[in-house]
Amino acid sequence: MDDPIEVEAPDDSGSTTLRRYEYQVHVAAQGVLEMLAADGSVEHVTCEHIEDIVIARKGDIRCAPGDLLWDFQQVKTRDAVEPWTLTDVLAKGALKSLWRTYQSLQAVHLTYQLTVAVEGPLDLADEPLAALARGAGHDNATCLSRVTTHLKKPEQDQVRDFLSRVRVRRLPRREDIEARNLRVMSGLGGPTATVGLIEALYTEILRLTRNATQGRLGPQWQRLLALDVQATLLMDKRITQATVSDVRQRLLRPDHILLGEVADLLVAEETQLVRKLRRGGASSEVIEDAQMMRAHADYHRLTEVARGAWPEDAVETDLDQRLVFLARRMKRAQNENPRPADAIFDSLQESLQTRPEEVDRHPLFARDGVLLMGRACAVSDQCKFDWGRARDAS
């Protein structure tokens, strides 16, 4: 029997396109790893907006205090293993794309740079390329002349200003980038971060990055209601510190949570969840319960992610939004309570224990009230609801 696999395909570009898309996801994940570093300067990572990746960094010497340096990155891949030359970079069209970005930013007051991020090594014997790589392409006469010609001869002074912002960055090859990112993540992890935990957390980062690349990072209900469409679409592409708060907590503080021990609150790094509970006047017992439940829910989720058993994002988004609606209703019922956090916590837990199917419809958390309460605590940690505010009862 004939097999169509033996027939040469007239267009076999689909697999190559998918590999390049996945490679770009891993490149964007590197920016997210910088966000997780204790001394990292990355504020947020935006995917597929203006350029392939936009990384906003703080503390750059080119910026005024409090301002961000915006790095617009154009990612280029190829199957060849030879080092990149300036001819190769020009042939890939990366500088034409960055030139369009440069022109679109003329009326915008930003401190920014333009990066050509290429897969594989650079030919540093190619002096124009070497100059471009270190941000000195505008001072290299050959580089300036060739790029001016490549861009159809616009004003050379404008090209000189453009090249002063351009950098070329080499990236690991596609067969190496995931392993390198995992090694970086392992170095960022705490002393008890296991290989399985690191891999599960990296899988979570890739999920977030793919969603950002597709403009699907934010809550689905906002898109369905078309709330402030342009702003919503942009934020659906941006990974922020809040987006990775779950990953950070599990990466840096896995020990006391999984063992069921609560560290000394005077010296431990407080999460948004703990700060919100404190503002609501929560007792120490409720704070400890919240941390423990959140830990169990995180562990359950990461275990399922590592097994590849976690469903599509819309299912998780639906559950989280139902938790938010339920928690906010519990909060409104305690408006007159001078210390509302404990009452909100108890009411929410009772509801999830007695009617878990109303929230966990699929189910993701086995319709287990403890796991669902832990997920509610994780959602609160993501700044989606709080536990009220304590006030003087006198």
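Author: Arg367 is partly exposed, with a relative accessible area of 38%; buried would be under 20%, exposed over 50%, and partly exposed lies in between (1.4 Å probe, protein chains only). This is a predicted model, in which local features need pLDDT of at least 70 and side-chain atom pairs count only at pLDDT 80 or more, while totals for chains, interfaces and linings use all residues. Residues are numbered from 1 along each chain as its sequence is written, and side-chain values use heavy atoms, with hydrogens and water left out.

Arg367 sits in the loop between H16 and H17; helices (H or I, at least four residues) and strands (E, at least two) are DSSP runs, numbered from the N terminus. Although it is not a glycine, Arg367 has a positive phi of about 50°. Most residues other than glycine have a negative phi, and most peptide bonds are trans. The loop between helix H16 (340-354) and helix H17 (369-381) also holds Pro363, and the peptide bond joining His362 to Pro363 is cis, with omega about -15°.

Now to another positive phi: that of Glu48, a residue other than glycine, is near 55°. Glu48 belongs to strand S1 and counts as partly exposed at 33% relative accessibility. In the hairpin of S1 and S2, with 1 residue between the strands, Ile50 takes a positive phi near 75°. S1 and S2 run antiparallel, joined by 6 bridges; two strands pair if DSSP finds at least two bridges between them. Val42 has Arg57 in S2 as its bridge partner. Of the 8 residues of S2, 7 are buried, so S2 is largely enclosed by the rest of the structure.

On to the sheet: S2 also pairs with strand S3 (residues 68-76), antiparallel over 6 bridges, and there Ala56 stands opposite Trp70 in S3. S3 and strand S4 (residues 111-119) pair in the parallel sense over 8 bridges, with Val118 in S4 as the bridge partner of Lys76. These strands belong to an open sheet of 6 strands in the order S5-S4-S3-S2-S1-S6, with mixed pairing. Strand S5 (166-171) and strand S6 (238-240) stand at the edges with a single partner strand each, so one side of each has no neighbour in the sheet.

H3 lies across S2, S3, S4 and S5, at about 165° to S4; angles run from 0 to 180 degrees between N-to-C directions, and axes are lines fitted to C-alpha atoms, for helices over the stretch in contact. Helix H3 (residues 94-104) also packs with helix H6 (residues 156-163), at about 100° with the axes 11 Å apart. H3 and H6 are therefore roughly perpendicular, the class for 65 to 115 degrees (under 35 is roughly parallel, over 145 roughly antiparallel, the rest oblique). In this contact (heavy atoms within 4.5 Å), Leu95, Leu98, Trp99 and Tyr102 of H3 meet Gln158, Val159, Asp161 and Phe162 of H6.

The largest nonpolar core has 36 residues, and Leu36, Val45, Met185 and Ile205 have the most contacts inside it; a nonpolar core is a set of buried Ala, Val, Leu, Ile, Met, Phe, Trp, Tyr and Cys residues joined through side-chain atoms within 4.5 Å. Elements giving two or more residues to this core include strand S1 (42-49) and strand S2 (51-58).
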